[in-house]
Amino acid sequence: MALKILRASQAQQATGLPRSSFYSQVAKGLLPPSVQLGPRSVGWVESEINAVNAARILGKTDEEIKSLVMRLVKDRVHLAEGAANV
């Protein structure tokens, strides 16, 4: 499985949120945090952003979305291992 990393503007566009709201949602645990790509660059895992968008479409509560985000972040190790073994 190929991992796709979105830059900030792409992740914001995928959520439909303006910049300040996007980062506010990240700070509140309602969107996954970024991953470090280099010393001065970060990105977001596209599948994580898509999972949160799907949860919003399904009408999940903020608490349910926070739980989802925590699980997604915890599962990053397995996600990366699976992609590395391709």
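This is a predicted model: local features need pLDDT of at least 70, side-chain atom pairs count only at pLDDT 80 or more; totals for chains, interfaces and linings use all residues.
1. Start with the rings. The structure has 3 aromatic pairs. One of them joins Phe22 and Tyr23. Their ring centres are 5.4 Å apart and their planes stand at 90°, so this pair is edge-to-face. The cut-off for that label is an angle over 60 degrees.

2. Phe22 also pairs with Trp44. Here the centres are 5.1 Å apart and the planes make an angle of 75°. This pair is edge-to-face as well. Phe22 sits in helix H2 (residues 19-27), while Trp44 sits in strand E3 (residues 41-45), so the pair ties together parts that are 22 residues apart in sequence.

3. Take the three residues as a group. Ring pairs link Phe22, Tyr23 and Trp44 into a cluster. Tyr23 is partly exposed, at 31% relative accessibility.

4. Now look at helix H3, residues 46-57. It has 12 residues, and at 1.5 Å a residue it should span 16 Å. The end C-alpha atoms of H3 are 16 Å apart, which agrees.

5. Which residues of H3 are buried? They are Glu48, Ile49, Val52, Asn53 and Ala55. Look down the axis of H3: the buried residues fall within an arc of 160°, so they line one face of the helix.

6. Last, check what comes after the helix. Gly59 follows H3. The phi of Gly59 is positive, near 80°.

Conventions:
Residues are numbered from 1 along each chain as its sequence is written. Side-chain values use heavy atoms; hydrogens and water are left out. Rings of Phe, Tyr and Trp (its six-membered ring) pair if their centres lie within 6.5 Å; planes under 30 degrees apart count as stacked, over 60 as edge-to-face and the rest as tilted. Buried means under 20% relative accessible area, exposed over 50%, partly exposed in between (1.4 Å probe, protein chains only). Helices (H or I, at least four residues) and strands (E, at least two) are DSSP runs, numbered from the N terminus. The expected span of a helix is 1.5 Å times one less than its number of residues. The arc is that of the directions from the helix axis to the C-beta atoms.
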